[in-house]
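Please keep the sequence and the coordinates at hand while reading.

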Amino acid sequence: MNGKGLATAWTTVGTLDEGGGTSPGILSKLTLQYCGGVNEVIDLVNSGPRVFGANLLLTEREGKAVVVEYTHSHFNVREPIDSCLAVPSHFVSNEMNRYGPSMPRYPSSCYRYIRLEQLLYQNKGKIDMKIMEEIDRGHFDLSIGKTKPSPNTICRHNSPDTVSSFLRNITRGLARIVKGHPCEGNYSEYELKEK
Ligand SMILES: [Zn+2]
């Protein structure tokens, strides 16, 4: 998050459309250093080729949020539906889903994405840090319809496990972080201040 209230996060997405270009880490650093709004970042991401696939989440303090889904040579901007926007490790839009992994290839990302969307809609309008913590500790496995920690639960268990959870309230400039499984640790809160 930068001093103008613009925040970023990203997930990498497996794709065959790879090549020379900019990595999501570099794009994220350029975004925070030089950009003040979502539209500026969209222009930046679209200004040249990217090295591989990613979902780049962009949010403004005033509430605007988008996901830029991209590969080396393809690109799409996904907007919230009914004020909710979840970001998995695959592409969701019709424009991009052919370039990323499908449900049979990466069921974990699909089940966890659907579950996250359910919880976002269920809690719409009342989401705070406490509710976000509970969401990230979620152990409901949609593939079997039961509460049981697995690779298909938001708090992911079995290789690769969830290694940390990083929650942000960009309106108030707060972050909560826990290392390891969110279900096993206590979050520490940090205030993000401008220098
Ligand atoms: Zn867990």
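In this predicted model, the largest nonpolar core has 16 residues, and those that touch the most other members are Val45, Ala54, Leu56, Leu58, Val68, Tyr70 and Phe91. Two or more residues of this core come from each of strand 1 (7-13), helix 2 (38-45), strand 2 (53-59) and strand 3 (65-70). Apart from this core lies another, which has six residues, including Leu119, Met132, Ile154 and Cys155. In soluble globular proteins, nonpolar side chains tend to be buried together.

Phe91 deserves a separate word. When neighbours within four places in sequence are left aside, Phe91 is in contact with Val13, Glu69, Met96, Asn97, Tyr99 and Gly100.

**Strands around the core**

Strand 2 is mostly covered, with six of its seven residues buried. Strand 2 and strand 3 form a hairpin that has five residues between them, and in the turn Gly63 adopts a positive phi of about 120 degrees. In a regular strand the side chains alternate between the two faces of the sheet.

**Two domains**

How does the domain assignment divide the chain, and what are the bounds? The assignment gives domain 1 as residues 7-99 and domain 2 as residues 107-191. The centres of domain 1 and domain 2, taken over C-alpha atoms, are separated by 21 Å. Contact between them involves nine residues of domain 1 and 12 residues of domain 2. The side of domain 1 that touches domain 2 is made up, by class, of four nonpolar, four polar and one charged residues.

Three strands form an open sheet in the order 7-8-9, and the pairing is antiparallel. Strand 7 (164-169) and strand 9 (188-191) each have a single partner strand and stand at the edges, so one side of each is left without a neighbour in the sheet. From one strand to the next, the twist averages 20 degrees. Strand 7 pairs with strand 8 (residues 174-179) in the antiparallel sense over six bridges, and Ser165 stands opposite Val178 in strand 8. Helix 4 (residues 129-136) packs on this sheet, where it touches strand 7 and strand 8, and its direction makes about 155 degrees with that of strand 7.

**Leu116 in helix 3**

Leu116 has its place in helix 3. Is Leu116 buried, partly exposed or exposed? Leu116 has 18 other C-beta atoms within 10 Å and is therefore partly exposed, given that a residue counts as buried at 20 or more and as exposed at 12 or fewer. Leaving out residues up to four places away in sequence, Leu116 touches Ala86 and Ile154. Leu116 and Ile144, which are 28 residues apart in sequence, are 16 Å apart in space from C-alpha to C-alpha.

**Backbone details in the loops**

Most residues other than glycine have a negative phi, and most peptide bonds are trans. Against that background, the following table lists two residues and one peptide bond.

| Site | Backbone value |
|---|---|
| Ser83 | phi near 70 degrees |
| Asn158 | phi near 80 degrees |
| Ser159 to Pro160 | omega near -10 degrees |

Ser83 is found in the loop between strand 4 (75-78) and helix 3 (107-122), and its phi is a positive value in a residue other than glycine. Because Ser83 has 11 other C-beta atoms within 10 Å, Ser83 is exposed. Asn158, for its part, lies in the loop between strand 6 and strand 7, and its phi is likewise a positive value in a residue other than glycine. With 11 C-beta neighbours inside 10 Å, Asn158 also counts as exposed. The peptide bond from Ser159 to Pro160 is cis, and Pro160 lies in the loop between strand 6 (146-147) and strand 7.

Technical notes: Residues numbered from 1 in each chain as written. Pairing = 2+ DSSP bridges. Helix = DSSP H or I, 4+ residues; strand = E, 2+ residues; numbered from the N terminus. Axes fitted to C-alpha atoms, helices over the stretch in contact; angles between N-to-C directions. Contact = placed C-beta atoms within 7 Å. Domains from an automatic or database assignment. Nonpolar A, V, L, I, M, F, W, Y, C, P; charged D, E, K, R; others polar. Core = buried A, V, L, I, M, F, W, Y, C linked by C-beta atoms within 7 Å.
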